[in-house]
Amino acid sequence: MNRYLLPLLAVIVMIPIMVLGLGSDPSNLPSQYIGKPAPDFNLPMLTDPSRTVSTADLKGQVSLVNIWATWCVGCRAEHGFLMDLANSDIIPIYAINWRDNRPDALKFLSQLGNPYTASGFDGDGRVGIDWGVYGAPETFLINSEGMVVYRFTGPLNRMLWEQEFIPRIAELTN
Amino acid sequence: MKRLLSMLMLVFFATSVIAIDSGQAFDDPDLQARYEKLIAEVRCVTCQNQNIKDSSAFIAADLRREIRRMMGEGLSNDQIADFLVTRYGDFALYRPRYTGKTLILWITPFLLVFFGGIVIARIVRHRMTLSIDEVSDEGGPAQ
């Protein structure tokens with residue numbers, strides 16, 4: 001009897017650990033900036049290089065920062081939803097056009113619509129690195145003090161929006 | 001036959017010839033060696049089981065460029081590791097640093113060896129008290 005006790009105990013300890021491991025998605029990395037100020041940036045505006053978009057623009061309101069590029073399939077997939085979101089006027093959507101080229105990005109926005117309050121142009125990807133971006137699209141929720149509250153990786157849609165963002169935004173605006 | 005063989009060679013050895021960063025990053029051989037060692041220990045965050053030395057992903061190229069820039073500015077390996085960890089977490093380093101959060105990674109192997117040793121010692125001690133007959137009953141090799 002006793003000789004089965006130890007292996008049995010080991011199995012009982014291991015099972016929950018393994019179940020946890022199965023349930024978590026290893027490609028979904030947590031952002032290092034949750035609860036911290038959004039990383040500083042100051043980028044030329046995509047639509048008008050003579051103006052800039054910076055962290056200062058994020059203060060004083062709850063906002064989104066969307067990391068996107070024309071080469072990114074997921075960005076195309078979420079674009080329709082971002083347009084709906086922009087039209088409903090719930091929250092300003094700032095953006096970082098990451099590792100892209102300007103003509104392609106401008107064409108993309110003129111064909112599919114521009115949901116962004118302002119999009120910074122980060123052609124060489126330096127700001128992307130500062131933000132800990134590891135793949136577009138990524139969407140950061142920023143509070144009115146300019147702190148990162150949440151990061152979502154992957155294409156957004158209405159269901160995910162209602163599930164992940166609505167409750168957090170409600171909490172911030174209360 | 002010779003043609004087939006050379007085709008096969010092409011198929012099997014082609015990938016090992018592809019250089020991601022062709023050319024030297026630094027003229028100084030010491031810096032170059034340090035650079036190569038460093039990029040071999042940084043994980044490519046999009047292609048998670050590759051280091052940034054072997055990866056052709058955008059982000060890996062960007063991280064190599066940032067590391068070259070920081071080395072050019074005279075930053076130490078620790079400072080460069082700090083830069084990466086601030087942005088991507090301990091996950092970005094293949095050789096995690098010794099911190100409270102990574103402690104479990106470093107001590108688990110020793111704990112496993114320790115408890116494994118205890119288990120083996122107990123089994124061995126138990127068997128030493130048995131006679132030969134009992135051991136073969138337990139599934140040991142029959143004489």
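Q: Which residue in β5(A) is the bridge partner of A:Ala95?

A: The bridge partner of A:Ala95 in β5(A) is A:Ser119. The model is predicted. Five bridges connect β4(A) with strand β5 (residues 118-122) of chain A, and these strands run parallel.

Q: Which strand joins β4(A) by bridges as well, and how do the two run?

A: Strand β3 (residues 63-68) of chain A is joined to β4(A) by five bridges, and the two run parallel. Here A:Ile67 stands opposite A:Ile96 of β4(A).

Q: How do side chains sit along a strand?

A: In a regular strand, side chains alternate between the two faces of the sheet. In this case, A:Ile93, A:Ala95 and A:Asn97 point one way from β4(A), while A:Tyr94, A:Ile96 and A:Trp98 point the other way.

Q: Which helices make β-α-β units with β4(A)?

A: Helix α2 (residues 73-88) of chain A makes a right-handed unit with β3(A) and β4(A). Helix α3 (residues 102-112) of chain A makes a right-handed unit with β4(A) and β5(A).

Q: What confidence does the predictor give for chain B, and for the complex?

A: Chain B has an average pLDDT of 83, and 82% of its residues score at least 70. The complex has an ipTM of 0.83 and a pTM of 0.79.

Notes
Residues numbered from 1 in each chain as written. Chains lettered and ligands numbered in written order. Predicted model: local features only at pLDDT ≥ 70, side-chain atom pairs only at ≥ 80, totals over all residues. Buried ≥ 20, exposed ≤ 12 C-beta atoms within 10 Å, placed from the backbone. Helix = DSSP H or I, 4+ residues; strand = E, 2+ residues; numbered from the N terminus. Pairing = 2+ DSSP bridges. Right-handed = clockwise from strand over helix to strand, strands pointing away. pLDDT = per-residue confidence, 0-100.
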